[in-house]
Amino acid sequence: MKITGTCHCGAVTYEAEMNPERFGICHCTDCQLMSGSDYRTIAIVPAESFRLTGAAPVDYVKTADSGSKRRITFCGTCGAGIYAAPAEETPTVYNLRAGTINERRSLTPRYEIWCSSAMPWLERFEGTARYDKGFT
């Protein structure tokens, strides 16, 4: 599926090809903290299909509990999150922030990851595969 996306102010734009099966929910504590919400909805897209078409986002590199480094990007003007990726120079995938995808209303979450960190009062989403940690 071809998708396009944009930040809130329209400066950062992108296009990509994605498999709708790779659209899901992350309950990790970093996504909770960085989104200011209970979880974050993401689309995992292969790097070879992702292309920035507008301004470059700003990078923030965080270190996970495991010691691995992740590049978190956002618009330097409006602050909207755009994607996360491994901090290596050439990542193989990008985790796009679902709110930036123009076609988001036609996508349905297919999985939930880091369910071990999910808020205990949050009801399970119907029809999703659930993983206590990331994908295995």
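I count two residues as in contact when heavy atoms lie within 4.5 Å. The model I am reading is predicted.

**Entry: Met-1**

I started with Met-1, in the segment before β1 (2–6). I left aside its neighbours within four places in sequence and listed its contacts. Met-1 touches Ala-16, Glu-17, Met-18 and Pro-20, and also Glu-103, Ser-106 and Leu-107. Next I checked the C-alpha atoms of Met-1 and Glu-17: they are separated by 5.4 Å, though the residues are 16 apart along the chain. Is Met-1 buried, exposed or partly exposed? Its relative accessibility is 32%, so I noted Met-1 as partly exposed.

**Entry: aromatic pairs**

I then turned to the rings. A ring pair is described by the distance of the centres and the angle of the planes. I found five aromatic pairs in the structure. One of them joins Phe-50 and Tyr-83: the centres are 5.4 Å apart and the planes stand at 75 degrees, so I wrote down edge-to-face. Where do the two residues sit? Phe-50 is in the loop between β4 (40–46) and β5 (51–52), and Tyr-83 is in strand β8 (residues 81–86). I found both Phe-50 and Tyr-83 buried.

I followed Tyr-83 to a further partner, Tyr-94. Their ring centres are 4.8 Å apart with planes at 90 degrees, so this pair is edge-to-face. Tyr-83 belongs to β8 and Tyr-94 to strand β9 (residues 93–97), so the pair ties together parts eleven residues apart in sequence. Tyr-83 and Tyr-94 are both buried.

Last, I looked at the grouping. Tyr-14, Phe-50, Tyr-83 and Tyr-94 form one aromatic cluster.

Note on methods:
Residues are numbered from 1 along each chain as its sequence is written. This is a predicted model: local features need pLDDT of at least 70, side-chain atom pairs count only at pLDDT 80 or more; totals for chains, interfaces and linings use all residues. Side-chain values use heavy atoms; hydrogens and water are left out. Rings of Phe, Tyr and Trp (its six-membered ring) pair if their centres lie within 6.5 Å; planes under 30 degrees apart count as stacked, over 60 as edge-to-face and the rest as tilted. Helices (H or I, at least four residues) and strands (E, at least two) are DSSP runs, numbered from the N terminus. Buried means under 20% relative accessible area, exposed over 50%, partly exposed in between (1.4 Å probe, protein chains only).
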